[in-house]
Amino acid sequence: MKRKLEADIMPEIKERHSTTVFSSEPVDAKDLEEILLAGTLAPSAYNGQPWRFYVVTEQAEKEWLAEYMLPAEKEWIFDAPVLILLAGYLEDEHNGLYNYWAMFDSGCAWGYMSLEAQRRGYVTHCVGSFDRVDLRSMFQLGEKLDLYGIIALGRPGKTEKALFEKSPQRKSVNAVMLRRKE
Ligand SMILES: Cc1cc2nc3c(=O)[nH]c(=O)nc-3n(C[C@H](O)[C@H](O)[C@H](O)COP(=O)(O)O)c2cc1C
């Protein structure tokens, strides 16, 4: 699904969208490894690399994860062969202080992963509606983590259906320009 954009923008950016229909075809192990690697190539404040991943492929683990999710997402997300829980490590490893940029940097890693996945013919959908507090407590160092999203990754399903019937409208660049107070 290409966005109808005249601008000369990377095809992966134009094509990426949040699909809700995944094929059951597995994700190649090397592809998965290199999609994660692409995420780790994101820039980060002081090169802190706060992103953390938890990869779920087994049915039993999916069922465990399902307990933390809302019914709407449960309808489709478990069709995806791979789920990547994206977290941020909140402590600056140099000085032990709070890393304000953890979410910013981890979001960039998600962007890189989604585009690398797209380039390899996969589709993704990041979901943020799950019980972050309870799920966080299931992890070592949980109190030093924030959980940002569960990224569904897989090949597009035959009926490839986007989250919205039409490509979601984007605000114009002009509409998102900040203006200083008079
Ligand atoms: C951090 C984050 C959280 C999101 N949470 C959800 C969610 O809980 N459920 C859902 O269906 N989509 C979720 N999405 C997908 C967005 O709705 C989607 O990216 C947005 O509508 C733009 O559509 P597009 O990704 O197809 O361009 C989330 C996306 C991001 C980046």
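This is a predicted model: local features need pLDDT of at least 70, side-chain atom pairs count only at pLDDT 80 or more; totals for chains, interfaces and linings use all residues.

Colleague: Where is Tyr46 in the fold?

Modeller: Tyr46 is in the loop between H2 and strand S1 (51-56).

Colleague: And what is the phi of Tyr46?

Modeller: Tyr46 has a positive phi of about 55 degrees, although it is not a glycine. Most residues other than glycine have a negative phi.

Colleague: Okay, what about phi of Asn47?

Modeller: For Asn47, phi is near 55 degrees, again a positive value in a residue other than glycine. Asn47 is in the loop between H2 and S1.

Colleague: Is Asn47 buried or exposed?

Modeller: Exposed: Asn47 has 8 other C-beta atoms within 10 Å, and 12 or fewer counts as exposed.

Colleague: Let's switch to the helices. At what angle do H2 and H5 pack?

Modeller: About 145 degrees, with the axes of helix H2 (residues 29-40) and helix H5 (residues 102-119) 7 Å apart. The crossing of H2 and H5 is right-handed.

Colleague: Which residues meet there, between H2 and H5?

Modeller: On the H2 side they are Glu34, Ile35, Leu36, Ala38, Gly39 and Thr40, and these meet Ala109, Trp110, Tyr112, Met113, Glu116 and Ala117 in H5. By class, that contact of H2 with H5 has eight nonpolar, two polar and two charged residues.

Colleague: Nice. Now the sheet: what is the strand order?

Modeller: The order is S1-S2-S4-S3, in an open sheet of four strands with antiparallel pairing. S1 and strand S3 (123-127) are the edge strands, each pairing on one side only. From one strand to the next, the twist averages 25 degrees.

Colleague: How many bridges join S3 to S4?

Modeller: Five, and S3 and strand S4 (residues 145-154) run antiparallel. Val123 stands opposite Gly154 in S4.

Colleague: Which strands does H5 lie across?

Modeller: H5 lies across S1, S2, S3 and S4, and it runs at about 5 degrees to S4.

Colleague: What does Ala152 touch?

Modeller: Not counting residues up to four places away in sequence, Ala152 touches Phe22, Ile77, Ala80, Leu83, Thr124, His125 and Val127. Leu83 in that list is also one of the residues with the most contacts inside the core.

Colleague: One more residue for me: where is Pro81?

Modeller: Pro81 is in the loop between helix H4 (71-77) and strand S2 (82-89).

Colleague: Why does Pro81 count as buried?

Modeller: Because Pro81 has 20 C-beta neighbours inside 10 Å, and a residue is buried if 20 or more other C-beta atoms lie within that distance.

Colleague: So what is Pro81 in contact with?

Modeller: Leaving aside its neighbours within four places in sequence, Pro81 is in contact with Ser24, Glu25, Pro26, Val27, Thr57 and Gly154.

Key: Residues are numbered from 1 along each chain as its sequence is written. Axes are lines fitted to C-alpha atoms, for helices over the stretch in contact, and angles run from 0 to 180 degrees between N-to-C directions. Helices (H or I, at least four residues) and strands (E, at least two) are DSSP runs, numbered from the N terminus. A crossing is left-handed if the near helix is turned anticlockwise from the far one by less than a right angle, and right-handed if clockwise. Two residues are in contact if their C-beta atoms, placed from the backbone, lie within 7 Å. Ala, Val, Leu, Ile, Met, Phe, Trp, Tyr, Cys and Pro count as nonpolar, Asp, Glu, Lys and Arg as charged, and the others, Gly among them, as polar. Two strands pair if DSSP finds at least two bridges between them. A nonpolar core is a set of buried Ala, Val, Leu, Ile, Met, Phe, Trp, Tyr and Cys residues joined through C-beta atoms within 7 Å.
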